[in-house]
Amino acid sequence: MTIGDLFKTRQSIYYKKMSKYLKYVLNDHFVILLLFLGGATGLAYQNYLEAVEYNALVPRLLLLIVIGLTVFSGSIRTLVEPADAVFLLPKEKAFDKVMKKNLIYSLIFHSFYTLLIGVLAAPLLSAIGHMESNGLVFWLLTLVCWKVIHGIHAYYSLKQHRSERGRTIRLIIGSVSIVGIMVSLFISVITGFLISVVTLGLFFLFVFQYSQSDSWNWETLIETEQRRIQKIYSIINLFIETPYSKHKVKRLKFMDFLYTLPVLDRNTEMYFLSRMFVRNYNFSGLYLRLLLIGSVVIYFSENWIINSLISILFLYLIGFQLIPLRQTFKKTVYFNLYPNTDTDKIKTIQKLILLLLTGGSIIYSISFVNSGILAFMRLLLLNGIFSLFFTYIYMPRRLKK
């Protein structure tokens, strides 16, 4: 079996695993929620485009953040395993061909969602008078060029070279990228396109011409692939338990004041579950992200019906994706020996999720306070009713399945 055949087999196994778990992630309820959320966000975006001022500065700053996050995100899918550092080391030249194929695949995949972000951002650029219709092609090509540059940089960073050299290249690429994106957003789309094309050509020659002889850093290859896989499984693990997800926990001392509250320090299970929630970023990070995204969407929308739907949808997403907290009791041997019944554990999970949904209800309602105190109170009441319904009617049935 050649190295190419080996990685084709791994790719087939990888796709089978992903398709197996994705059918649980993209279930009917979640898809319907995404459709409602997409429709509500689209309507709010359309209203914002109609109200945005000509030559406004704030939309450009927001786009700079969004485009920057899009361009700098992502890594190369390599499917490298820890044992490859020993068994594939003598076949490093043949491995080069495999890595180039992985690079092309990753660039195509990342360019697809970069183009999607670019298409969504184009109406905003047109609304503020920064881009004409004939500039759309240059805008999209600019984003693809920057994404390809950072894909090639990710490829280059997997090779063996001096740390000083790697830091210098990373600093140069990062600085030029930010400057180029700012030129596209604040000065001229065509000028930004020319900067991106020149940067892409020079960096392409540097990596594939002058650094072709550099050997692979197998430790970096393995660590990068492991991190990529863990990110995927950490998301999947919010919907269904997988044997591949590894959670890292960290002691967050600045959050210790929360455990002085009687509601969290009342019993052993609540204390343990709340500690685990805060320290495990898969749960606490998800909660904070949904709070932030939902608050921003509600803040920019002035329609009470739309904001009500958005807040309920986000509260449902928070509650639904925190239901796997129950797995912590099953995985912890102490609670298998602990004399409390399964009903007591379900009640503990209910209390914690109700607290989190209550906090989310308050934050979402505060985001709508610019429409008046009456709108704030109505949204808070609606969110409170939904939180009680989700916690005491929907969730017990879900936990018993």
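The structure, a predicted model, holds 18 aromatic pairs, a pair being two rings of Phe, Tyr or Trp (its six-membered ring) whose centres lie within 6.5 Å, with planes under 30 degrees apart counted as stacked, over 60 as edge-to-face and the rest as tilted. In one of them, the rings of Phe95 and Trp218 have centres 4.8 Å apart and planes at 35°, so this pair is tilted. The pair joins distant parts of the chain, since Phe95 belongs to helix α5 and Trp218 to helix α9, 123 residues apart; helices here are DSSP runs (H or I, at least four residues) numbered from the N terminus. Both Phe95 and Trp218 are buried, a term that means under 20% relative accessible area, with exposed over 50% and partly exposed in between (1.4 Å probe, protein chains only). Phe109 and Tyr113 form an edge-to-face pair, with 6.0 Å from centre to centre and 75° between the planes. These two residues both lie in helix α5, four residues apart, and Phe109 is partly exposed at 47% relative accessible area, as is Tyr113 at 23%.

Residues are numbered from 1 along each chain as its sequence is written. Because the model is predicted, local features need pLDDT of at least 70 and side-chain atom pairs count only at pLDDT 80 or more, while totals for chains, interfaces and linings use all residues, and side-chain values use heavy atoms, with hydrogens and water left out.

Phe95 and Trp218 also belong to one aromatic cluster with Phe7, Tyr155, Phe204, Phe208 and Trp216.

Ser184 is found in helix α7 and is buried, with a relative accessible area of 1%. Leaving aside neighbours within four places in sequence, Ser184 is in contact (heavy atoms within 4.5 Å) with residues including His130, Trp139 and Phe193. Asn307, in helix α12 (residues 304–322), is buried at 0% relative accessible area.
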